[in-house]
Amino acid sequence: METKENMRYFIYLFAALLLSSTGLSAQQKQEPWKASQLVEANTLASRINNNKAANLLILSVGPDAIIKGSVDIGPTVEAENINKLKNYLKNVPKDKEVVIYCGCCPFDKCPNIRPAFAVLKDMSFKNAKLLNLPRNIKVDWLDKDYPTND
C-alpha cells in the first residue's frame, strides 16, 4: 500500500514539474512588446501623409528603409546592427516616440523585430512602438500605396 502511495506521489510530482516547465517555456515565448505598443500601418501612413510624423523617429531594423522618413539601421539579427542601433539611439531623448519596423517576412517569424525592440526596452525608451506588419512590407505597406522613401 505504501509503495502505491509513493508511486502516486512521484507521478503527481513529475506531472507538476512537467506543467511548470511547460508554463515557463510559454512565458519565454511572450513578446517583448505590449499590444498597446503596436502601431497599425494605416495609422503611421496617415501621420506621414498629414505631416504629423515630425516628432517621431522611424527606424528600419530590416533589409531596407522603405517607409518615408525612416532611417536604415540594417537587420538587427546581426550583432553589428544591434550596436549600430544602440549608437544611433544613445543621444535620443528617452521620451521620444520611436517606431521600429522590418517587414522581411511574416511578423511571427521575423528575426529582426524582437532583438531591436529588446534594445528599446533595455535603453528605457518610454514611447517604444512596433509597426504592425503581419505579412510583410510589400503586402502591408507597398501594395497599399503608403508613403515610401524614393
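## Helix α2 and the sheet

Helix α2 (residues 41–49) lies across β1, β2, β4 and β5 (127–132), and runs at about 70° to β1. Helices here are DSSP runs of H or I with at least four residues, strands are DSSP runs of E with at least two, and both are numbered from the N terminus. Axes are lines fitted to C-alpha atoms, for helices over the stretch in contact, with angles from 0 to 180 degrees between N-to-C directions, and contact means heavy atoms within 4.5 Å.

This is a predicted model, in which local features need pLDDT of at least 70 and side-chain atom pairs count only at pLDDT 80 or more, whereas totals for chains, interfaces and linings use all residues. Residues are numbered from 1 along each chain as its sequence is written, and side-chain values use heavy atoms, with hydrogens and water left out.

## The order of the strands

The open sheet is formed by 5 strands in the order β1-β5-β4-β2-β3, and the pairing is parallel; two strands pair if DSSP finds at least two bridges between them. The edge strands are β1 (38–40) and β3, each of which pairs on one side only.

Strand β2 is joined to strand β4 (residues 97–101) by 5 bridges, and the two run parallel. Along this pairing L57 stands opposite V98 in β4, while L56 stands opposite E97 in β4. Strand β3 (residues 71–72) is joined to β2 by 2 bridges, again with the strands parallel, and here L59 stands opposite V71 in β3.

## Strand β2 and its two faces

Strand β2 (residues 56–60) is mostly covered, since 5 of its 5 residues are buried; buried means under 20% relative accessible area, exposed means over 50% and partly exposed lies in between, using a 1.4 Å probe and protein chains only. In a regular strand the side chains alternate between the two faces of the sheet. In β2 both faces are covered, with L56, I58 and S60 buried on one side and L57 and L59 buried on the other.

Helix α3 lies across β2 and β3, and runs at about 165° to β2.

## How helices α3 and α4 pack

Two packed helices are described by the angle between their axes and the distance between the axes. For helix α3 (residues 79–89) and helix α4 (residues 113–122), the axes come within 10 Å and cross at roughly 30°. The crossing of α3 and α4 is right-handed, where right-handed means that the near helix is turned clockwise from the far one by less than a right angle, and left-handed that it is turned anticlockwise.

On the α3 side the contact is made by I82, L85, K86 and L89, and on the α4 side by P115, A116, V119 and L120. The residues of this contact of α3 with α4 divide into 7 nonpolar, no polar and 1 charged, where Ala, Val, Leu, Ile, Met, Phe, Trp, Tyr, Cys and Pro count as nonpolar, Asp, Glu, Lys and Arg as charged, and the others, Gly among them, as polar.

## Salt bridges

A search of the whole structure finds 5 salt bridges, each being a side-chain nitrogen of Lys or Arg within 4 Å of a carboxyl oxygen of Asp or Glu. In one of them E31 is paired with R114, the closest N and O atoms being 2.8 Å apart. This pair links distant parts of the chain, with E31 in the loop between α1 (2–28) and β1 and R114 in helix α4, 83 residues apart. E31 is partly exposed at a relative accessible area of 30%, and R114 is partly exposed at 22%.

The side chains of R47 and E97 meet in another salt bridge, at 3.0 Å from N to O. R47 lies in helix α2 and E97 in strand β4, so the pair ties together parts that are 50 residues apart in sequence. R47 counts as partly exposed at 23% relative accessibility, whereas E97 is buried, with a relative accessible area of 16%. A further salt bridge joins the side chains of D143 and K138 (2.9 Å, N to O); D143 is partly exposed at 47% relative accessibility, and K138 is partly exposed at a relative accessible area of 46%. Salt bridges that share partners join R47, E97 and K129 into one network.

## The surroundings of P111

P111 is found in the loop between β4 and α4 and is partly exposed, with a relative accessible area of 36%. Leaving aside residues up to four places away in sequence, P111 touches V77, C104 and C105. The C-alpha atoms of P111 and G62 are separated by 8.9 Å, although these residues are 49 residues apart along the chain.
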